[in-house]
Amino acid sequence: MHEPGCALHRTLHAALDPADLVAVGAIRHRLRAALDRWGVPELADTAELLASELVTNALLHTAQGAVFEAVLTPGRRLRIEVHDGAARMPGRRAPADFATSGRGLLLVEALADDWGVQLRGDGKVTWFEIGPS
């Protein structure tokens with residue numbers, strides 16, 4: 001049996017169907033609950049916002065679904081990865097003042113401690129990391 005604080009219990013994984021934007025809310029809810037359970041509720045607001053952006057981008061801009069993974073390291077750093085099947089790199093846009101989209105990567109860049117995109121043979125992984133202040 002494993003203790004609730006062990007590394008095996010600090011991982012959250014979810015597979016998302018193509019264009020299932022309703023799943024974004026479920027991911028936010030599950031992530032907030034996991035962060036509370038893992039003892040880092042202070043990361044929840046930023047983690048939810050940035051995870052929502054990455055998952056939404058993957059579901060809107062690819063024809064495939066996505067795989068969401070969140071891991072809390074022993075050093076209390078949260079790493080979130082979103083895997084999708086598209087090899088096209090995401091790009092930052094300069095949205096118009098009243099545009100309702102186009103700011104996702106700008107938010108990730110501004111709020112994450114670190115972030116990036118890794119191309120893989122089966123698509124790409126967009127990730128970010130945050131930690132306690």
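1. Contact here means heavy atoms within 4.5 Å. On that basis, residues 24 or more positions apart account for 58% of the contacts in the protein with a separation of 6 or more. This is a predicted model: local features need pLDDT of at least 70, side-chain atom pairs count only at pLDDT 80 or more, and totals for chains, interfaces and linings use all residues. Numbering starts from 1 along each chain as its sequence is written, and side-chain values use heavy atoms, with hydrogens and water left out.

2. Overall make-up. The protein has three helices and five strands. Helices (H or I, at least four residues) and strands (E, at least two) are DSSP runs, numbered from the N terminus. From that end, the elements run β-α-α-β-β-α-β-β. Of the 133 residues, 39% count as buried. Buried means under 20% relative accessible area, exposed over 50%, and partly exposed in between (1.4 Å probe, protein chains only).

3. The sheet. Five strands form an open sheet in the order β1-β2-β3-β5-β4, with antiparallel pairing. Its edge strands are β1 and β4, each of which pairs on one side only. Neighbouring strands are turned by 15 degrees against each other on average, direction ignored. Two strands count as paired if DSSP finds at least two bridges between them. Strands of a sheet pair through backbone hydrogen bonds, either parallel or antiparallel.

4. From β1 to β2. Six bridges join these antiparallel strands. Alanine 14 has phenylalanine 68 in β2 as its bridge partner. Helix α1 packs on the sheet and touches β1, β2 and β3. The direction of α1 makes about 175 degrees with that of β1. Axes are lines fitted to C-alpha atoms, for helices over the stretch in contact; angles run from 0 to 180 degrees between N-to-C directions.

5. From β2 to β3. Strand β2 (residues 66-72) runs antiparallel to β3, with seven bridges joining them. Valine 71 stands opposite arginine 79 in β3. The two strands form a hairpin with five residues between them. In the turn, arginine 76 has a positive phi of about 65 degrees.

6. Why is strand β3 largely enclosed by the rest of the structure? Six of the seven residues of β3 (residues 78-84) are buried, so the strand is largely enclosed. On its β5 side, β3 pairs with residues 123-130 in the antiparallel sense over seven bridges. There, valine 82 has threonine 126 as its bridge partner.

7. The β4-β5 hairpin. Strand β4 (residues 114-120) and β5 run antiparallel and are joined by seven bridges. Two residues lie between them in the hairpin. Arginine 120 has glycine 123 in β5 as its bridge partner.

8. The core. A nonpolar core is a set of buried Ala, Val, Leu, Ile, Met, Phe, Trp, Tyr and Cys residues joined through side-chain atoms within 4.5 Å. The largest has 32 residues, of which Leu31, Leu35, Phe68, Leu78 and Ile80 touch the most other members. Elements giving two or more residues to this core are β1 (11-16), α1, α2 (44-61), β2, β3, α3 (104-111) and β5. The most come from α2, with eight residues. Leaving aside neighbours within four places in sequence, leucine 31 is in contact with Leu12, Ala47, Glu48, Ala51, Phe68, Ala70 and Ile80.

9. Helix packing. The axes of α2 and α3 come within 9 Å and cross at roughly 145 degrees. In α2, Thr46, Leu49, Leu50, Glu53, Leu54 and Asn57 meet Gly104, Leu105, Leu107, Val108 and Leu111 in α3. By class, this contact has seven nonpolar, three polar and one charged residues. Ala, Val, Leu, Ile, Met, Phe, Trp, Tyr, Cys and Pro count as nonpolar, Asp, Glu, Lys and Arg as charged, and the others, Gly among them, as polar.

10. Alanine 33. This residue is in helix α1 (residues 22-37). Alanine 33 is partly exposed, with a relative accessible area of 34%. Its C-alpha atom is separated by 8.7 Å from that of alanine 44, 11 residues apart along the chain.

11. Alanine 86. Is this residue, at 11% relative accessibility, buried or exposed? Alanine 86 counts as buried. Its place is in the loop between β3 and α3. Not counting residues up to four places away in sequence, alanine 86 touches Thr62, Gln64, Gly123 and Lys124. Alanine 86 and histidine 61 are 8.5 Å apart, C-alpha to C-alpha, and 25 residues apart in sequence.
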